[in-house]
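Colleague: I am new to this one. Could you walk me through it, one question at a time?

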Amino acid sequence: MKNLEGNNHSDPVSEFILLGFPCTWEVQIFLFSLFSVIYVLTLTGNLCIICAVWWDHHLHTPMYILLANFSFLEVWYVTSTVPSMLANFLSETKTISFSGCFLQFYFFFSMGTTETFFLSAMAFDRYLAICRPLHYPTVMPVQRCIKMGACCWVCGFSCFLLPVYLISQLPFCGPNIIDHFLCDPGPLMKLSCVPAPATEIICATFNSVLIFSTFLFITSSYTLVIRAVLRVPSAEGRHKAFSTCGSHLAVVSLFYGSIMVMYVSPTAGNPAGIQKIVTLFYSVMTPLFNPLIYSLRNKEMKEALRKLFRNAIFGQRKPLKN
């Protein structure tokens, strides 16, 4: 494995070494097989949700349009890290180019940022549907929902331009070993030849503001939703509302719980292995769990998926109208 520690530190780094999960070859093969299966299942689950929403006209509503966008995001979110991680399991050098490292950094964290915006949009949609049901059709028509989704994508991919630019401008002259399976800003900044406290403060402030502002917005929305649901006289109505919101809250808890441990709590003293496990959970496992959470707790989605599979088996290609 190439190491630049012994080289002249005036030479700029042209590539990094992602250590990933150092272990024996047999364990590497096992991990490669395990994460390959997880990746395929994640793609399959999220693509099924996208197809169900696309084909079933009953699901052409703001809630399911946002859910389809969210599933599409999860497909690319997991794709930004898992294929390169799988390649590293089979690689002897485990290298990634300088530009490739920062491209992965940008796309991974941009999609993570976009996810926070979509979770906020989905919470706002549920707030309007349950707390303002009479105004919901006029406040949240499908066209406005599509614009909201587009805004989430644009804002998510715009926000992380500054942190990526600032870190990419730091001087990297060796060593070039990143004890992680992806190009994370923390390990990257530690490899800089000179201290960069201003960049560290800017990145930490950016992460904290983004995470806490969206999390507070989501929790506030669902607090109002729960209060409204508790006033519903019908037990069946309360159950249906709690079932829908429960899926959203489960996804929010999984995602925000792990990223707060990673980027808000003081993790500098934690072993690199703990940081890898936490990152693995929110970057690989939550995209796997999300389709299960939404499909298992939602009757309309389960029915749409059954229709989709039935039509796929019998070779029917017409839209699902019934």
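**Disulfides and their pattern**

Modeller: Let me start with the bonded cysteines. Counted along the chain, they pair in the pattern 1-3, 2-4. Keep in mind that the model is predicted.

Colleague: How many disulfides does the count come to?

Modeller: A disulfide here needs two cysteine sulfur atoms within 2.5 Å. Cys101 and Cys183 qualify, at 2.0 Å from S to S. Cys173 and Cys193 qualify as well, at 1.7 Å. The count comes to two.

Colleague: How many residues apart in sequence are the parts that Cys101 and Cys183 tie together?

Modeller: Cys101 and Cys183 are joined by a disulfide. Cys101 lies in helix H4, residues 98–131. Cys183 lies in the loop between strand S3 and helix H8, so the pair ties together parts whose separation in sequence is 82 residues.

Colleague: Is the disulfide of Cys101 and Cys183 left-handed or right-handed?

Modeller: Both of these cysteines, Cys101 and Cys183, are buried. The torsion about their S-S bond is about -130°, so the disulfide is left-handed.

Colleague: Now the other bond. Which parts does the pair of Cys173 and Cys193 tie together?

Modeller: A disulfide joins Cys173 to Cys193. Cys173 lies in the loop between helix H7 and S3, and Cys193 in the loop between H8 and helix H9, so the pair ties together two loops that are 20 residues apart in sequence.

Colleague: Is Cys193 buried, partly exposed or exposed?

Modeller: Buried means under 20% relative accessible area, and exposed means over 50%. Cys173 has 14%, so Cys173 is buried. Cys193 has 32%, so Cys193 counts as partly exposed.

Colleague: Which cysteine sulfur is nearest to Cys145?

Modeller: Cys145 is buried, with a relative accessible area of 1%. Cys145 is in no disulfide. The nearest cysteine sulfur is 9.1 Å away, and belongs to Cys152.

**Aromatic rings**

Colleague: Are the rings of Phe21 and Phe89 stacked or edge-to-face?

Modeller: The structure holds 28 aromatic pairs. Phe21 and Phe89 form one, at 6.2 Å centre to centre. The angle between the planes is 20°. Planes under 30 degrees apart count as stacked, so the pair of Phe21 and Phe89 is stacked.

Colleague: How far apart in sequence are the parts tied together by Phe21 and Phe89?

Modeller: Phe21 is buried, and Phe89 is too. Phe21 lies in the loop between strand S1 and helix H1, and Phe89 in helix H3, so the pair ties together parts with a sequence separation of 68 residues.

Colleague: Which residue has its charged end over the ring of Phe21?

Modeller: Phe21 also forms the aromatic pair with Phe89. Over the ring of Phe21, 5.8 Å from its centre, sits the charged end of Lys276.

Colleague: Are H6 and H7 roughly parallel or roughly antiparallel?

Modeller: The chain has twelve helices and three strands. Helix H6, residues 142–159, packs with H7, with their axes 5 Å apart. The angle is about 20°. That makes H6, relative to H7, roughly parallel.

Colleague: Which residues of H7 make the contact?

Modeller: On the H6 side, the contact is made by Phe157, Ser158 and Cys159. On the H7 side, the residues are Leu161, Leu162 and Pro163.

Definitions and conventions: Residues are numbered from 1 along each chain as its sequence is written. This is a predicted model: local features need pLDDT of at least 70, side-chain atom pairs count only at pLDDT 80 or more; totals for chains, interfaces and linings use all residues. Side-chain values use heavy atoms; hydrogens and water are left out. Rings of Phe, Tyr and Trp (its six-membered ring) pair if their centres lie within 6.5 Å; planes under 30 degrees apart count as stacked, over 60 as edge-to-face and the rest as tilted. Helices (H or I, at least four residues) and strands (E, at least two) are DSSP runs, numbered from the N terminus. Buried means under 20% relative accessible area, exposed over 50%, partly exposed in between (1.4 Å probe, protein chains only). A charge sits over a ring if NZ of Lys or CZ of Arg is within 6 Å of the ring centre and within 35 degrees of the ring normal. Axes are lines fitted to C-alpha atoms, for helices over the stretch in contact, and angles run from 0 to 180 degrees between N-to-C directions. Angles under 35 degrees count as roughly parallel, over 145 as roughly antiparallel, 65 to 115 as roughly perpendicular and the rest as oblique. Contact means heavy atoms within 4.5 Å.
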